[in-house]
Amino acid sequence: MSARVQVNIRLKDRMEKELLRSHAYANGMSVSEWIRARCVYASDTVMPVIDSSPLSKTLWELNKHGVNLNQLMKFLHAHGLEGYTASDVRQVLAEERAVFARVTEMLRAIHREAEHYGVFLLDEKDGVEKTNDEDVAS
């Protein structure tokens, strides 16, 4: 019999530790057995990955538009509606609606990709949910 080797891993937080425990428990294994089964002995070693770089771009764009809306509101509070025509305000709001629609479509695309590959999405508040059990906001 060969000597046992210990491997330590670092997890991001207690939630990840509980996640490991729940996966192991659901399969009737200890955490060590489950990790070995998934990481050492599994024949499927491909991990589905979703490119999240569009989310960084989206976050930057949302921040930019939030600043623009904030400036519009400050202007309207300082100068009243006389400083802006109703058509100008409608145009700004229409542009913001368009941005919201693009962001919504990006999130739906990410959701579809995750669902296609059976990727679990992690919500730090609620734990893990499989994508086909959740719904993207309309």
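Reader: On what basis are the values given?

Author: The model is predicted, and local features need pLDDT of at least 70, side-chain atom pairs count only at pLDDT 80 or more, and totals for chains, interfaces and linings use all residues. Residues are numbered from 1 along each chain as its sequence is written, and side-chain values use heavy atoms, with hydrogens and water left out.

Reader: How many salt bridges does the structure hold?

Author: Side chains of opposite charge can pair when their charged atoms come close. A salt bridge is a side-chain nitrogen of Lys or Arg within 4 Å of a carboxyl oxygen of Asp or Glu. The structure holds three.

Reader: Which residue meets Arg102 in a salt bridge?

Author: Arg102 meets Glu61, at 2.6 Å from N to O. This pair links distant parts of the chain, with Arg102 in helix α4 and Glu61 in helix α3 (residues 53-79), 41 residues apart. Helices are DSSP runs of H or I, at least four residues, numbered from the N terminus.

Reader: How far apart in helix α1 are Arg21 and Glu18?

Author: They are three residues apart in helix α1 (residues 14-26), so about one helical turn separates them.

Reader: Is Thr104 buried or exposed?

Author: Buried means under 20% relative accessible area, exposed over 50%, and partly exposed in between (1.4 Å probe, protein chains only). Thr104 has 12%, so Thr104 is buried. Thr104 lies in helix α4 (residues 86-117), and its side chain reaches the backbone oxygen of Phe100 at 2.8 Å.

Terms used
Helix = DSSP H or I, 4+ residues; strand = E, 2+ residues; numbered from the N terminus. Polar contact = N/O pair within 3.5 Å; in protein donor to acceptor, adjacent residues only side chain to side chain.
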